[in-house]
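Biologist: I would like to learn how to read a model strand by strand. Could you walk me through one?

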Amino acid sequence: MSRTYLHSQRMKHTASLKYSGRRSRLSVKSSENNIERMPPEVILKILSHLDAGSLFCLSFVSKRFHEFANNNAMWYQFYAGQRAKKKSPRLIDDVTDGIGTAGVQEKPEGFWRRLFFKELAGHNENWRKKLKHIHSYTGLPSQTAQILRSMRVSWTITLTDKRGRESTFEQTHVHFSTAAVTVSWSAGDWPFIDQLTSLQLHGVVRVPLKCPDEYKPGWRSLLAKVVLNKDAWSLCGSDRMVKLLYVEQGITVCVWQEPCEIAFVMVNLHYHRLVDRSLLGSFAVQHQPAEHAAAFDDVDPEYGLHGYAVHIELHNTVESITSGRFSQLFCRKDQIEDGFIKLKVISKSNRSQHTTLCGSISLPWSTDALQGQVEGSCMLTLTVFDEAHLPFWCVSAPVAVTKSNQAEILYDCNGESFCIRYEDAEGRVEIELQQMEDQKQYFMVNLIIFLSVSKVNKHFGRDY
């Protein structure tokens, strides 16, 4: 080949590379500037045709789109539209304190978006009115379960290991009973139990937007944070596959018999202030309602506590086993022993107080692959009310039924005697059960509640 031909080919190749490079740069520049070069007013006009879910997801695309997607005027339109659906008059004057439409943009960035999300999620505290309706039997707000369901409240647990790594799990099963809700987590890749250091329980409300679940906005409210020390856990039941280990504050960790790994986690939540605790706390701080010292009646100095009432229920994750309400409970001052005030709820000698248990005492459980039933275990939900009919001590936790050493047999039968015991820093509960051998039926024949004197002093704001 001649030098002239080779030189000609190199020149063509160089020109081709320059042309393709220039075309590539023009293409990139064009794709970058199609939106960048648009006036903000035009972009906002285009975005105004999006629904709330699409607009919210757009904020994750880039920093520039994040700014556009947080425009107060657009989110105010969503907020106003949501309020209008509820026929709420005088929108602008009500929500902007009379500053007019121009004041909408003067609010901090994200102001109207937060209000819209709260309105959409029902997070406007109108539920407080519903909580004023008290159930005559339980003595607790009668619409607690309905409010939690209507606001789509769920609960999550976050486990932290020794390296500080966190794993969050979504609930898999919820059971509402008369005075408590039992939440279970049985799906997921559980960390090794020996590596865990703490567990956090949060109430969660997610805004019902049309967007992927991982992007849905919401609120998390801390209900409990406990240190996980396996040596301090108490066994509250087992079968051939699992062991139920009670931690505290209604939290139970269930582990496989072999190997000793987590099977599922279960939490009992008492209805008392459950809506407030699930909604009004923050991610790191629990909701703390204002405490007021209760009035104390010293009409009869012989009675330290009088006019008290108790609601008790034994249940599992499927059904109620027994429940009862007892009133006019009292404790004389000379009955205070070892720092506890004794309330005798059911007496062996008073057979009219004895309560029948319906069905067997057992606790069904299930995971993704297996299910079973722990015999001799159930849930205890207890509410003690003071003389003003206000909840004084609230308990919801798993308990175990064990054989009693009591020799006295009631009902002229040969059935065995059993006991149930629960204790925490504020008090303890002792229950005695009598079994009818021929009918395989239980009767609650003795129930005593011991209240810590320190808790009583704190409640009444005085030394007892």
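Biologist: Let me start with strand E8 (residues 242-248): why is it largely enclosed by the rest of the structure?

Modeller: First, the ground rules: this is a predicted model, in which local features need pLDDT of at least 70 and side-chain atom pairs count only at pLDDT 80 or more, while totals for chains, interfaces and linings use all residues. Residues are numbered from 1 along each chain as its sequence is written, and side-chain values use heavy atoms, leaving out hydrogens and water. Strands (E, at least two residues) and helices (H or I, at least four) are DSSP runs numbered from the N terminus. Buried means under 20% relative accessible area, exposed over 50%, and partly exposed in between, with a 1.4 Å probe and protein chains only. In strand E8, five of the seven residues are buried, so the strand is largely enclosed by the rest of the structure.

Biologist: Which strands does E8 pair with, and how many bridges join them?

Modeller: Two strands pair if DSSP finds at least two bridges between them. E7 and E8 run antiparallel with three bridges, and Leu 235 stands opposite Leu 245 in E8. Three residues lie between these two strands in a hairpin. On to strand E9 (residues 251-256): six bridges join E8 to it, again antiparallel, with Glu 248 opposite Ile 251. That hairpin has two residues between its strands, and Gln 249 in the turn has a positive phi of about 50°.

Biologist: In what order do the strands form the open sheet?

Modeller: Six strands follow the order E3-E4-E10-E9-E8-E7, with antiparallel pairing. At the edges are strand E3 (173-176) and strand E7 (234-238), each pairing on one side only. Within the sheet, six bridges join strand E4 (residues 180-185) to strand E10 (residues 262-270), and Val 181 has Leu 269 as its bridge partner in E10.

Biologist: Which residues touch the most other members of the largest nonpolar core?

Modeller: In soluble globular proteins, nonpolar side chains tend to be buried together. A nonpolar core is a set of buried Ala, Val, Leu, Ile, Met, Phe, Trp, Tyr and Cys residues joined through side-chain atoms within 4.5 Å. Here the largest one has 64 residues, and Trp 155, Trp 185, Leu 201 and Leu 269 touch the most other members. Helix H5 (residues 72-85) gives this core its largest share, five residues. Another core, of 53 residues, lies apart from it and includes Cys 236 and Val 395.

Biologist: How much of the whole protein chain counts as buried?

Modeller: Of its 464 residues, 45% do.
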